Amino acid sequence: MATGRNQLSLVKESELQLMATTQYNAFLAENKVLSSGTSRDAAMVDRVGARISNAITKYYDSQGKESVLEGYKWEFNTVESKEINAWCMPGGKVVVYTGLLPVTQSEQALAIVMGHEIAHSVAKHGNERMSQALVQQLGGMALEIALAQKPKETQDLFLLSYGIGSEVGAMLPFSRQQETEADQYGLIFAAMAGYDPREAIPFWERMSAASGGNPPEFLSTHPSDATRIRKLKQFMPEALKYYSP
Ligand SMILES: [Zn+2]
């Protein structure tokens, strides 16, 4: 619906949102969550999250496409971790790892990453991957049945589908098409929230330098960072139409 292309979707978004709430709370309970009252980093993550979520809610409402964000109950949390990572579960459950912040260096660049992760969620990329995983790994079992019969395996597939794979082992990368979509929409989302999309270029250059050897989710499917940056430049004129500082 957000991307305009046909996507495999065997799972109801509402079911994934329900599962996300449980998994999100479990993740927060197992990790050190920074309070936005005492941490400037957490306050920044909250601010960027609020600006992006408000901007895109307003946008989809104005287009008569409220259903894109149906069931979303946004939450933004910052966890202390060396990992360079961020993700967004179904229904707008976002986590930013403190390890990302030395690479983003600014609120603008953080907005580029959060825009990218939120775009994966809005474009239902996790649903696509979860649907593929249910077909490939569990013979096309319905989510409800998979959860009842193989709870651990199903939870692991869910975490992998949303880029939360470090504890589960091998990361299931987003496809290059999904990455490109997330880059394109992420730029627009950041721009709509009043963040300069042009910050994406120096950010991805820093990211490319920082990720040597162990690429985070953002980079893992891109053999060439130059290709990503070239595409970002192509998307820039469109994103700038949505930008006013
Ligand atoms: Zn991505």
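Guide: Let us begin with a pair of strands: strand 2 and strand 4 run parallel and are joined by five bridges. Strands are DSSP runs of type E with at least two residues, helices are runs of H or I with at least four, and both are numbered from the N terminus. Two strands count as paired if DSSP finds at least two bridges between them. Within this pair, Val79 stands opposite Tyr97 of strand 4.

Visitor: What should I know about the model itself?

Guide: This is a predicted model, in which local features need pLDDT of at least 70 and side-chain atom pairs count only at pLDDT 80 or more, while totals for chains, interfaces and linings use all residues. Residues are numbered from 1 along each chain as its sequence is written, and side-chain values use heavy atoms, with hydrogens and water left out.

Visitor: How many helices and strands does the protein chain hold?

Guide: The protein chain has 10 helices and four strands. Read from the N terminus, the order of elements is α-β-α-β-β-β-α-α-α-α-α-α-α-α.

Visitor: In what order do the strands lie in the sheet?

Guide: The four strands form an open sheet with the order 1-2-4-3 and mixed pairing. Strand 1 (33-34) and strand 3 are the edge strands, each pairing on one side only. Strand 1 pairs with strand 2 (residues 75-79) in the antiparallel sense over two bridges, and there Leu34 has Thr78 as its bridge partner. Strand 3 and strand 4 are also antiparallel, with four bridges between them. In that pairing Ala86 stands opposite Val96, and Cys88 has Val94 as its bridge partner. These two strands form a hairpin with three residues between them, and Gly91 in the turn has a positive phi of about 85 degrees.

Visitor: Which way do the side chains of a strand point?

Guide: In a regular strand they alternate between the two faces of the sheet. In strand 4, Lys93, Val95 and Tyr97 lie on one side and Val94 and Val96 on the other, and all are buried. Buried means a relative accessible area under 20%, exposed means over 50%, and partly exposed lies in between, using a 1.4 Å probe and protein chains only.

Visitor: Against which elements do the buried residues of helix 7 pack?

Guide: An α-helix has 3.6 residues a turn, so residues three or four places apart point the same way. In helix 7 (residues 151-161), the buried residues include Asp156, Leu157 and Leu160. The buried residues of helix 7 pack against helix 1 (13-30), strand 3 (86-89), helix 5 (125-138) and helix 6 (143-149). Just after helix 7, Gly163 takes a positive phi of about 75 degrees.

Visitor: Is Gln178 buried or exposed?

Guide: Gln178 counts as buried because its relative accessible area is 4%. Gln178 is found in helix 8 (residues 176-192). Beyond its neighbours within four places in sequence, Gln178 is in contact with Arg5, His120, His125, Glu128 and Arg129.

Visitor: How is a pair of aromatic rings described?

Guide: One gives the distance of the centres and the angle of the planes. Rings of Phe, Tyr and Trp (its six-membered ring) pair if their centres lie within 6.5 Å; planes under 30 degrees apart are stacked, over 60 edge-to-face, and the rest tilted. The structure holds 10 aromatic pairs. The rings of Tyr59 and Tyr60 have centres 5.3 Å apart and planes at 70 degrees, so this pair is edge-to-face. Ring pairs also link Tyr24, Phe27, Trp87 and Tyr97 into a cluster.

How values were computed
Contact = heavy atoms within 4.5 Å.
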